[in-house]
Structures are given as C-alpha cells and as structure tokens.
Amino acid sequence: MHIKSTIKMTLGLIMAAIFLTLMPSAGNSQGFGVSIQRPEFTVQPGDRFTGSIPVTNSSEEQIALRMYIGDWIPIEGRTSGYNFVEEGGQLERSLMGWMTFSPERMTLEPGETREVVYEVNIPADPSLNGSYWAVIFIERIPEEEPELTPIEEGETRIGIRTVFRYAVQVYATVAGSENREATFTAMTMEPIENGFKAVATMQNNGNIYMRPKVWLEMKDITGEVVYTHEHEEQTVLPGTARDFVFELKSLPIESGEYLVMVIADYGLPTLIAAQGRVNLTITPPEPEEESEEEIVEDEEPEVEEEEPEDADIIEE
C-alpha cells in the first residue's frame, strides 16, 4: 500500500485551543544489571530520605563499578530531549548538593548483588517548591587496555573504548507546593514515505515534572475517530519543552481529508490539544500478475498386455 499525504495546517497552527473534559476513571550484554526503578519522593523542607539501588553482576566474571552523581538538563535550543551530565549542580532544581551516596566503587563476583545506598537532606527553606532531581550513574570500569605495538612514522591509529552505564533518576517534590500547568506551543506535520509525521511540542509551565499521557486521534469529515495512536511515556521537566513525535505509516484508513489532534492528559480535569489537517491519498498495491504455468497431468504409463505362453498341463 502506498500513501501520499498532503498537509494542511489550519491557520498554520492551532495550539492549546481545545480543552476537553476528562471524566475520572477507576542482565543484559553490559555484564551487570540495575533493578528498574525511578525513585520519587514527596517531601517537606527539612526532611531527610534514603533509598537503595540493587546492582547485580549478571556475567560470568568479576566486574568493577564506579558510582557518581550528575544532572539531567535540557539540550540548549532543542526540544527533542535532555542530556545526562556528570558535572552538574548548577540547575536551580538540582538535588546534587543535597545528596550523598555510598559506596563510590564496588567489585562484584559473578551472580553477586549489592546495593548503592543514597541519602538526600532537604534544606529547611520554606521557599522551596515543586520538583527537584538528580541522577545517580552506575558505570562499569573497563578492563586495562592491551598494549599496542609501537606506531611507525606516518601511521595513524584510532582507539575506541566502550563504557556502559546506568542512569537512575531520583525525584523529590515538595508537598502542597505543586503548580501543574502545560500547553502545546507548536505542531508540525510533514509527509514521509507511506504516511506522515506529526510533531507536537509541549511546554511545562509548572514547577513539577510531568509524565503526561499523550495520544493522537484522526477524525474524518463526519467527526468520527477513525484512528488513534498512543505515545510512549516521556518526562517533561518544569520550565522546559519537549517534542512528542508520531510517525504514521500504512494507515488502515481510506483516502480523504482528516483532522489530526494530539491530545495530552497531564493530571488535571481538562486536557490540552493541538491540531492540523492532512489529506491522504491511499493507493492500493497493484495485484501481482499470475504466471501461467502449463499444467501437466500425470499420465499412467501404457502397459503392453502380454499374450499367455503355452503351458504344459501335468495330470497326476
């Protein structure tokens, strides 16, 4: 199936113009593994909290690990995601200055599990509000590199070393200070092979991190929803924007003009949405030509009948 798409944005963009009422409703190849978790704490100024991260050596050899703290920061000038950085602590909402952990290094025997224990001391500052976060990195220390033969004159060599690490994000939100506010600031659509791509940019104007439920709906000219697609969960940090990208190919719908809506549930009774229009021309696949093959039926081989030979009859 081939899909040709013509994109038409109403007024170029409709952003945050639609509010819908939401009714309430009920060991890996790296050689070591970290239990999947995302520590989230609700705190008050002056609180202290602790946590632990189990780490398991899933390989058949001894491994060495090192741990350190970093930050998760926006990529400047982009809305496609965030960067993990080792030298952090400069963010207004960083937990780094309040966090300690142990051990800084550990050696694990095959199959052994140990814990990285961390502690966070929240300052007794009544002006603290919203969410704060930091990242604990757990990284495998590479084995010593083999000795290289001397480099001859005029020779150039490039060495590549792969280092595996986990990043465990720790969040703390000051209870009673949450301000949840978000909007869509942009939406674009463009044709791609056998479909189209829609990108909606969500801005978190509040003071807490969000993991909104975001999905795309397509409606035909009668207003009936003919297609939906839910986006995978991703975090939007306070004061930042993040893209939600939908690449839609080989859609099970007919040719025509459709209203495309990207909708977000970010924890309030109302939803926010951005929208545009797309005109799709669906070309069904050409039928394959049937090859005419000569069918030869099995024929039974002719059997020549043999005349009986004269036989001697012996009477007793």
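Predicted model: local features only at pLDDT ≥ 70, side-chain atom pairs only at ≥ 80, totals over all residues.
Let's start with isoleucine 75, which counts as buried because its relative accessibility is 18%, below the 20% cut-off. Isoleucine 75 lies in the loop that joins β6 (63-74) to β7 (82-85). Leaving aside residues up to four places away in sequence, isoleucine 75 touches Ser80, Gly81, Tyr82 and Asn83. Threonine 240 is 165 residues away along the chain, yet its C-alpha atom is separated from that of isoleucine 75 by 9.7 Å.

Now for the nonpolar cores. In general, nonpolar side chains tend to be buried together in soluble globular proteins.

| Core | Residues in core | Some members |
|---|---|---|
| Largest nonpolar core | 38 residues | Phe196, Met202, Met218 and Leu280 |
| Second core | 30 residues | Ile53, Phe101, Met106 and Tyr132 |

In the largest core, the four residues named are those that touch the most other members. Elements giving two or more residues to this core include β6, β13 (182-192), β14 (195-204) and β19 (270-283). The biggest contribution comes from β19, with 5 residues.

Four strands form an open sheet in the order β3-β5-β10-β8, paired antiparallel. Its edges are β3 (32-34) and β8 (99-102); each has a single partner strand, so one side of each lacks a neighbour in the sheet. From one strand to the next, the twist averages 25°.

Definitions and conventions. Residues numbered from 1 in each chain as written. Heavy atoms only, no water. Buried < 20%, exposed > 50% of the residue type's maximum accessible area, 1.4 Å probe, protein only. Contact = heavy atoms within 4.5 Å. Pairing = 2+ DSSP bridges. Axes fitted to C-alpha atoms, helices over the stretch in contact; angles between N-to-C directions. Core = buried A, V, L, I, M, F, W, Y, C linked by side-chain atoms within 4.5 Å.
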